[in-house]
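Subject: Structure for your review

Hello,

Please find the structure we discussed below, with the sequence. My notes on what came out of it follow.

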Amino acid sequence: MTAATASLPENALREVDYSQVDVARLIGELRAVLPPVALLHDSEDMRPYECDGLSIYRQVPLAVVLPGTEAEVAAVLKICHAAGVPVVARGAGTGLSGGALPHAHGVLLSLARMNKILNIDPLARTAIVQPGVRNLRISEEVAPHGLYYAPDPSSQIACSIGGNVAENAGGVHCLKYGLTVHNVLRIRGVTIDGEVVEIGNHGLDAPGYDLLALMHGSEGMLAVVTEITVKLTPKPQFAQCVLAAFDDVIKAGEAVAAVIAAGIIPAGLEMMDQPATAAVESFVHAGYPLDAAAILLCESDGTPEEVAEEIQRMCAVLESHGATEVRISRDEAERMRFWAGRKAAFPAAGRISADYYCMDGTIPRKRLGEMLTAIQGMEKTYNLRCINVFHAGDGNMHPLILFDANVPGELERAEEFGAAILDLSVDLGGTITGEHGVGIEKINQMCRQFNVAERQTFFRVKAAFDPKGLLNPGKAIPSMNRCAEFGRMHVQGGQVPHPEIERF
Amino acid sequence: MTDIEQSWAEQIREAAASKTPLRIRGGGSKDFYGQQLAGTVLDTRAHSGVIAHEPTELVVKVRSGTPLAELEAALLAEGQMLGFEPPHFGPDATVGGCVAAGLSGPRRASAGAVRDFMLGVTLLDGRGNRLHFGGEVMKNVAGYDVARLMTGSLGTLGVLLDVSIKVLPLPVAEATLRFEMDALEAVAQMNRWGGQPLPVSATSWMAGVLTVRLSGAEAAVTAACAMLGGDRLSEQAARAHWQGLREQSQGFFGGEAPLWRLSVPSVAEATGLAGSQLIEWGGAQRWVRTEQDAASVRARASALGGHATLFRGADKSVGAFHPLPPGLHTIHQRLKHSFDPDGILNPGRLYDGL
């Protein structure tokens with residue numbers, strides 16, 4: 001070991017081998033602290049947990065535990081800590097980067113049974129919830145008080161709030177209302193040694209380092225969250241949406257910049273290219289103009305007077321920046337129809353293609369034109385189609401690469417296509433992931449976005465919470481060895497990344 | 001690395017080798033804040049200037065030694081602002097100091113704190129490594145959020161080189177209203193308004209007067225004024241009021257009595273501490289001038305579900321910040337050690353031993 005690596009945990013240098021676990025003993029110990037319903041170790045019973053929303057990676061763990069209380073979570077972690085067994089936490093399993101992919105020699109800890117809303121305080125505008133509560137359920141439960149929980153990832157019907165914390169989930173309204181990190185006041189969690197910690201509090205800040213920020217987007221690698229206090233937002237009285245069509249995607253991108261430059265922060269600002277509108281139109285009949293090269297959806301919310309004023313300003317900007325058509329939603333039904341198309345983009349991709357691969361790079365908005373032009377070139381290079389939906393307001397793009405896994409070579413080409421988009425995102429001054437997380441999917445691209453010293457810092461941050469590196473090992477932050485291998489592969493080219501991982 | 005960055009990195013490596021503390025300092029406007037000031041001064045002011053300001057991206061990237069006033073003037077010229085309305089506490093305040101202190105002004109409860117606007121950071125750690133985290137984009141979950149971690153860490157984890165901050169457009173319209181009521185009713189009222197879709201951007205209560213600022217679209221502010229009633233302040237009086245709070249230049253903050261800041265749930269009952277009080281942030285920030293002992297102030301803050309900071313006071317031996325529970329204290333120590341293994345960066349400024 002050199003001086004530079006002397007203080008690094010072992011997992012920072014290479015992937016650690018956990019195969020020497022005494023499985024029978026582990027199961028016995030878990031059985032002693034959990035009710036029978038909360039422990040699965042038959043491989044057929046564990047099958048539903050073998051993957052998350054990124055189903056090209058699958059792995060059955062040693063055991064699945066479903067604790068119902070914080071005390072049970074702590075007991076499980078203590079056992080795994082003592083035995084040196086990896087633990088992967090899982091919410092609803094809707095994640096798109098394989099963050100909840102089980103570890104072959106580890107325990108999968110599902111928080112699905114911890115799904116109670118513990119307290120709603122309408123005056124303080126807070127709700128205390130368990131991690132397995134679904135995102136949308138919070139808004140439903142607090143609606144009678146005129147409140148809602150603002151972050152609305154597109155999977156909000158199914159995704160859990162614990163998973164939202166792990167990924168720092170966003171949504172279509174986050175330009176105005178913030179990400180998960182902006183809407184959580186306090187977290188209770190259990191560290192790998194079984195100690196309960198409270199991070200943040202019911203005021204607006206907490207003493208010491210901002211560990212609350214560190215927990216958001218940490219992909220279950222620092223602690224297991226058992227309780228979350230979310231901030232609730234008063235429901236706007238009224239909302240209206242403008243649909244603007246453009247004959248050129250670059251012009252649409254410039255119009256987005258112009259809206260922001262005019263001092264408007266829209267409640268939502270989304271872009272779809274022509275292939276995307278065509279795909280959703282035949283599916284949900286949103287009434288999108290099919291001859292447009294790109295459409296923008298631009299939403300305003302607030303009091304009726306405020307919305308009228310803002311919509312007028314938005315329309316003026318859009319029209320002066322080359323919109324060929326501007327439609328204002330006439331009623332709530334039409335507004336919902338405008339959004340139905342955007343929200344159906346992923347399933348629509350699933351209808352026109354056997355499989356699709358969703359990317360998540362974020363770039364500075366002004367580089368959008370370059371990115372879209374490059375993606376058109378990549379479609380030819382990899383001989384695959386790509387449709388583009390885009391959180392235009394915050395530069396977060398979701399290119400959907402269409403492929404058929406049954407056609408030999410297409411999955412590999414789709415992955416290479418995706419990697420090329422992520423590489424370009426980094427080169428354009430952006431990031432490889434805006435809201436889906438790194439997980440296992442983008443772990444190699446982390447070697448490109450961060451240098452050795454930065455990646456070592458990540459491992460040291462992790463070690464401050466989890467010195468043995470047992471929480472979700474092998475995810476999010478690549479070991480130095482992995483990056484060295486990736487560097488070599490990248491030079492040789494033409495090889496499939498992660499040959500050690502089974503493909504389906 | 002630039003020449004300045006290079007020379008700072010060398011200075012840090014030498015300090016680490018000889019285990020001599022460095023005191024990272026911008027304009028010194030917040031020297032009063034936190035605990036001890038120990039070590040050789042590393043003056044950040046030579047590392048100055050806005051690196052990039054893209055008004056249409058709502059992002060500014062700026063060097064740490066840049067005067068805060070210079071940054072705010074540059075934003076103002078483009079019709080933008082720092083959403084967290086940071087206090088300067090003196091003409092020489094720098095951007096680095098603003099981020100390291102992590103202090104936010106009157107707009108905090110509605111717009112967010114310094115940490116909420118932090119997008120990216122470049123820093124030198126205690127090994128002299130130049131590290132970059134986050135970026136200039138709004139959404140970024142690649143790696144742990146070290147940029148936000150730096151906010152409020154009082155220079156104990158690294159020397160900030162530059163930061164990328166989300167900025168906001170200036171509100172189209174503003175109005176400030178005044179109401180006479182007692183503290184209890186004021187806190188209840190702040191919370192009731194907070195639960196309605198009103199464009200409230202700041203609140204304060206002192207000596208029987210509740211003051212509310214509304215910011216937003218012209219129509220929204222006009223409608224809210226009509227709905228809330230109260231006495232509307234002139235533009236000049238309104239500006240003076242909020243500026244006096246932001247910079248702690250108004251009368252309440254004068255004098256020698258220790259100034260405590262209690263951060264509590266917005267609905268918390270009265271602090272019950274002896275001395276005068278001023279309430280901000282919709283009830284979530286309570287300033288108290290009291291000679292009561294630190295232990296009883298902190299016990300009261302804890303009982304209310306918050307924490308207490310000895311913000312200004314002659315005797316910081318009681319600790320400037322609320323003591324951490326053992327589990328969190330251990331994590332803090334390990335984090336400090338991971339960024340600054342030789343303990344040379346602003347040691348003891350935040351907590352003893354950090």
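Cys386(A) sits in strand 17 of chain A, which covers residues 385-391. The model is predicted. Cys386(A) is classed as buried because 26 C-beta neighbours lie inside 10 Å, and 20 or more are needed for that class. Setting aside neighbours within four places in sequence, Cys386(A) makes contact with Ile375(A), Glu379(A), Pro399(A), Leu400(A), Ile401(A) and Leu402(A). Arg367(A) is 19 residues away from Cys386(A) along the chain, and 18 Å separate their C-alpha atoms.

On domains: chain A is split into domain 1 (19-110), domain 2 (117-234), domain 3 (238-347) and domain 4 (348-492). The centres of domain 3 and domain 4 of chain A, taken over C-alpha atoms, are 27 Å apart. Domain 3 of chain A puts 22 residues into the contact between them, and domain 4 of chain A puts in 19 residues. On the domain 3 side, the elements giving two or more residues are helix 9 (249-261), strand 13 (268-273), helix 10 (274-284) and helix 13 (345-352) of chain A. That side consists of 18 nonpolar, one polar and three charged residues.

On the chains: 77 residues of chain A are in contact with 67 residues of chain B. Several elements of chain B supply at least two residues each to the side that touches chain A, among them helix 7 (183-194), helix 8 (218-228) and strand 7 (130-134). Helix 11 of chain B gives the most, with seven residues. By class, the chain B side has 31 nonpolar, 25 polar and eleven charged residues.

Regards

Definitions and conventions
Residues are numbered from 1 along each chain as its sequence is written. Chains are lettered from A and ligands numbered from 1 in the order in which they are written. This is a predicted model: local features need pLDDT of at least 70, side-chain atom pairs count only at pLDDT 80 or more; totals for chains, interfaces and linings use all residues. Domain bounds come from an automatic or database domain assignment. Two residues are in contact if their C-beta atoms, placed from the backbone, lie within 7 Å. Helices (H or I, at least four residues) and strands (E, at least two) are DSSP runs, numbered from the N terminus. Ala, Val, Leu, Ile, Met, Phe, Trp, Tyr, Cys and Pro count as nonpolar, Asp, Glu, Lys and Arg as charged, and the others, Gly among them, as polar. A residue is buried if 20 or more other C-beta atoms lie within 10 Å of its own, exposed if 12 or fewer, and partly exposed in between; C-beta atoms are placed from the backbone.
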